[in-house]
2 protein chains.
Amino acid sequence: MGRIVDERRHAERREAILHEAYRQFAVAGYDRTSTASICRGAGISSGTFFHYFPAKLDVLVGILSAGLQQTRQALSRIETHSIGLPAVLAYAGGVQAEMSDPHFGGFVHAVAGVELLPEVATVLEDEASLIRAFLVRHLSDASARSEIRGDASPVHLAMWTQWLLDGAAQHATGTTSPSAEDDVVAAVRALLSPP
Amino acid sequence: MGRIVDERRHAERREAILHEAYRQFAVAGYDRTSTASICRGAGISSGTFFHYFPAKLDVLVGILSAGLQQTRQALSRIETHSIGLPAVLAYAGGVQAEMSDPHFGGFVHAVAGVELLPEVATVLEDEASLIRAFLVRHLSDASARSEIRGDASPVHLAMWTQWLLDGAAQHATGTTSPSAEDDVVAAVRALLSPP
DNA sequence: TTCGCTCTAGAGCGGCTACTCTAGCAAAAT
DNA sequence: ATTTTGCTAGAGTAGCCGCTCTAGAGCGAA
């Protein structure tokens, strides 16, 4: 009996669907993107689409889960060579780098529109709390060694940093102007720098 | 000939539809809210709904236009008694106050999901540039009198402030904890305070 | 009253959507 | 060679959606 025919091909197809869906969600939003349109863009039939994903929502969840895993890796990679303020700024730099993707801003908006669906909310909360823990950990460290302002608690500063980064992500346009390359990092530094 | 039968009643009905739509958009998002559901919630028929608004999208635009006008009034009211940093912080306080509305955060998400529809984008850009101009004006003033940090241009600081406020708005939950009352103001103050 | 108009209700409709079903093909296992 | 199974295509379907249409009630003007 023919079990898993070609694992490589399977993974590639799956990823192709995810990628095309990402693009279209970013351009038109989740609800306004039809499964038929994703199929057209990916050059497959609806039969194939629903063979790889049981429902449209699972495609979005798949994209977000991949993003979560990527974030996890990025944070642990940062922690192998940085702690305290440099670690926080390194993460901010990573967000800034993501923003140069021309579809990033659109996708952020698309996700915001369906953030209250439980399956979406779960993944996003996981990612948010992961980042939050990272920030609190390193801001506490930074505070202890007086790298940052001491007139606000690390928990507050972590929250404010997340606000700033989320707001910046929402405004991402994908235009990589040379001076804007470190705007986000500069903003975070300004927010955290001691008075 | 019977022209406008009852202007009061007309305005009240219209506002009732807007209010119910605002509530439902905040809870379920724009695309996932049906006109039938709005009608049910407002206690009217679809005939009435489409008598007051030519299309569903016009309800959203109506809500956003009302918000734009409200923002305009708020900003000019602030400018009658404040300039410079106090004016900026007064605006931040206004945003913080808005966030106590239990539906505010949900509505922000709902709008983000359809921000790329041209009619929506127009209103939002109008509001964003209005706020931007206000911030640049008063941050320039504040910078001149050394109320704020001088290591970043007023234009940059205005952008960062908008990022911060937008990010905060996105995280609004409607819970009015006493200590969170001035968190947004504190964050803006931290961002702008001289190093 | 009798027009003329606004406002309201609600049945109805065309169109689109997510998803299903069936049939066939390719290839691995027997 | 035959069977089994993964994979793919694409027609088909039930249901929902935004919106229209019609009929009439309410009200002001002549």
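**View 1. The stretch of chain A recorded as a DNA-binding region.** UniProt, in an unreviewed entry, lists residues 34-53 of chain A as "DNA-binding region"; such positions follow the numbering used here, feature names are shortened, and annotations may be inferred rather than shown by experiment. The model is predicted, so local features need pLDDT of at least 70 and side-chain atom pairs count only at pLDDT 80 or more, while totals for chains, interfaces and linings use all residues. Residues are numbered from 1 along each chain as its sequence is written, chains are lettered from A and ligands numbered from 1 in the order in which they are written, and side-chain values use heavy atoms, with hydrogens and water left out. Residues 34-53 of chain A are 75% helix and 0% strand, with end C-alpha atoms 14 Å apart. Helices (H or I, at least four residues) and strands (E, at least two) are DSSP runs, numbered from the N terminus. The unreviewed entry also lists "domain: HTH tetR-type" for residues 11-71 of chain A. Over residues 11-71 the chain is 80% helix and 0% strand, and the end C-alpha atoms lie 21 Å apart.

**View 2. Chain A as a whole.** Chain A has 9 helices and 0 strands. Its C-alpha trace spans about 65 × 35 × 30 Å along the principal axes. Of the 195 residues in chain A, 46% are buried, where buried means under 20% relative accessible area, exposed over 50%, and partly exposed in between (1.4 Å probe, protein chains only). Contact means heavy atoms within 4.5 Å. Among contacts in chain A between residues at least 6 apart in sequence, 75% join residues at least 24 apart.

View 3. In chain A, helix α2 covers residues 35-42, and A:S37, A:I38 and A:C39 are buried. Their cover includes α1 (7-28) and α3 (46-52) of chain A. Just after α2(A), A:G43 has a positive phi of about 70 degrees. In chain B, helix α2 (residues 35-42) has B:S37, B:I38 and B:C39 buried, and these pack against α1 (7-28) and α3 (46-52) of chain B.

**View 4. Residues in the largest nonpolar core.** A nonpolar core is a set of buried Ala, Val, Leu, Ile, Met, Phe, Trp, Tyr and Cys residues joined through side-chain atoms within 4.5 Å. The largest has 126 residues, of which A:F25, A:L60, B:F25 and B:L60 touch the most other members. Leaving out residues up to four places away in sequence, A:L60 touches A:F25, A:Y30, A:F107, A:V111, A:V114 and A:V120. In soluble globular proteins, nonpolar side chains tend to be buried together.

**View 5. Helix α9 of chain A against helix α8 of chain B.** The axes of α9(A) (residues 183-192) and α8(B) (residues 154-170) come within 11 Å and cross at roughly 80 degrees. Therefore α9(A) is roughly perpendicular to α8(B). Axes are lines fitted to C-alpha atoms, for helices over the stretch in contact, and angles run from 0 to 180 degrees between N-to-C directions; under 35 degrees counts as roughly parallel, over 145 as roughly antiparallel, 65 to 115 as roughly perpendicular and the rest as oblique. From α9(A), the contact uses A:D183, A:V184, A:A186, A:A187 and A:A190, and from α8(B), B:H156, B:M159, B:W160 and B:W163.
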